[in-house]
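Me: I'm new to this one and would like to learn how to read it. Could you walk me through it step by step?

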Amino acid sequence: MPTTLDGQLVVAISSRALFDFEAENRVFEQNDDRAYMQLQLERLQQPAAAGVAFSLVQKLMRFNSAAQPRVEVVILSRNDPVSGMRVFRSAQHYGLSIERGVFTRGQPPWRYLRPLRANLFLSTHLSDVRAALEVGVPAAQVYPQSVHASDAHPNQVRIAFDGDAVLFSDEAERVYQAQGLNAFQQHEVSKASLPLPGGPFKPLLEALHRLQSAGTAQMRIRTALVTARSAPAHERAIRTLMNWNIEVDEALFLGGLPKGEFLREFEPDFFFDDQTGHIEHAARHVPSGHVASGVANAYSGAD
């Protein structure tokens, strides 16, 4: 019987999102990949430090058991195969049972997301994230300088999501951008009973819901909706989640207040938002990723 990842939550992640390779990357950015490869080879016995998304990956993998694999993590990296050896050794050092990896030596690796049927792609390369979102894979650009996750909740995977253009489509955001706050509020009140179309991260929320339902005695998932919406526009967001038969544990309707300090109190392993301004603020408090989707991220042709 052929090997399959069907039924598992598949997370594809770049090496720089999982591990702290910032010092090595500075060598790579000098357009000297040979020197980079040599440096990684020299440090082969030296485990890389944990990166921004390490806590998320480590906790998700705790849903696995010998009898029931539920989460598959695959390295999807612009690294070269030689440097890939250090990635795998670093994973082994931390007890991460990562067996699969794709190393493309500088070429965009996102095209391998489709055969992997990935539920999530985390990368430091914005162009790869954009390409992944275009083919329907939930993806975010990891900010390597983000604060790392708190270790206060070892038995919970905590994930926070923005609403519009992340969990939901950018339908309402387009009204706000074009006509302002009052028009946005009126639009959402008039459509309160009409569910919003799904956004790029709806499939991930659904996959997490399935993982939570499968459950383990040791690990749980706790989710939060953290949005700039406020009453009365809150109702459509809540009713949309009800229509999807998905519950979130916390909902923060902040009415435009900065999200960072609220996120710091929630202590997520990762936060996803489409607005770079929100992400740059949030990254000072929690691990954060930019979802380059929706009207706020209209592509100009250059990253």
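**Starting from one residue**

Reply: Leaving aside residues up to four places away in sequence, S77 touches S15, V102, F103, T104 and P109, where contact means heavy atoms within 4.5 Å. Keep in mind that this is a predicted model, so local features need pLDDT of at least 70 and side-chain atom pairs count only at pLDDT 80 or more, while totals for chains, interfaces and linings use all residues. Residues are numbered from 1 along each chain as its sequence is written, and side-chain values use heavy atoms, with hydrogens and water left out.

Me: Where is the place of S77, and is S77 buried or exposed?

Reply: S77 sits in strand β4; helices (H or I, at least four residues) and strands (E, at least two) are DSSP runs, numbered from the N terminus. With a relative accessible area of 2%, S77 is buried. Buried means under 20% relative accessible area, exposed over 50%, and partly exposed in between (1.4 Å probe, protein chains only). For a sense of scale, the C-alpha atoms of S77 and A251 are separated by 34 Å, and the two are 174 residues apart along the chain.

Me: Into which domains is the protein divided?

Reply: There's domain 1 (9–142) and domain 2 (156–296), with bounds that come from an automatic or database domain assignment. Their C-alpha centres lie 26 Å apart. Across the boundary, 23 residues of domain 1 are in contact with 26 residues of domain 2.

Me: How do I read salt bridges?

Reply: Side chains of opposite charge can pair when their charged atoms come close. The rule here is a side-chain nitrogen of Lys or Arg within 4 Å of a carboxyl oxygen of Asp or Glu. A search of the whole structure turns up 18 of them. Take R86 and E24, whose side chains meet at 2.7 Å, N to O. That pair links distant parts of the chain, with R86 in helix α5 (residues 81–93) and E24 in helix α2 (residues 22–28), 62 residues apart. Both R86 and E24 are buried.

Me: Which residue forms a salt bridge with R78, and why does the pair tie together parts that are apart in sequence?

Reply: The partner is D128, and the closest N and O atoms are 2.9 Å apart. R78 lies in the loop between β4 (71–77) and α5, and D128 in helix α7 (residues 126–134), so this pair ties together parts 50 residues apart in sequence. R78 and D128 are both buried.

Me: What about D170 and R174?

Reply: They form a salt bridge too, with the closest N and O atoms 3.0 Å apart. D170 counts as buried because its relative accessibility is 15%, whereas R174, at 46%, counts as partly exposed. Elsewhere, salt bridges that share partners join D164, E171, E188, R229 and R236 into one network.

Me: And how do I find the empty spaces?

Reply: Rolling a probe the size of a water molecule over the atoms shows where empty space is left. On a 1 Å grid over the protein atoms alone, a cavity is a set of points where a 1.4 Å probe fits but cannot get out, and a pocket is an open set with protein on both sides within 12 Å along at least five of seven lines; lining residues have an atom within 4 Å of a point. Grid points are joined across faces, edges and corners, and a volume is the space filled by probe spheres set on the points. The largest pocket holds about 380 Å³ of space. Its lining has 19 residues, of which E173, Y176, A228, R229 and H278 lie nearest the centre. Helix α9 gives the most to that lining, with three residues.

Me: How many cavities are there of 30 Å³ or more?

Reply: Two. The largest cavity has about 200 Å³ of space, and of the 19 residues that line it, the closest to its centre are R16, N25, R78, N79 and H125. Its largest share, three residues, comes from α2.

Me: Which residues line the second largest cavity?

Reply: They are L9, V11, L60, L120, I159, L204 and L208, around about 30 Å³ of space. Domain 1 and domain 2 both give residues to this lining, so the second largest cavity lies between them.
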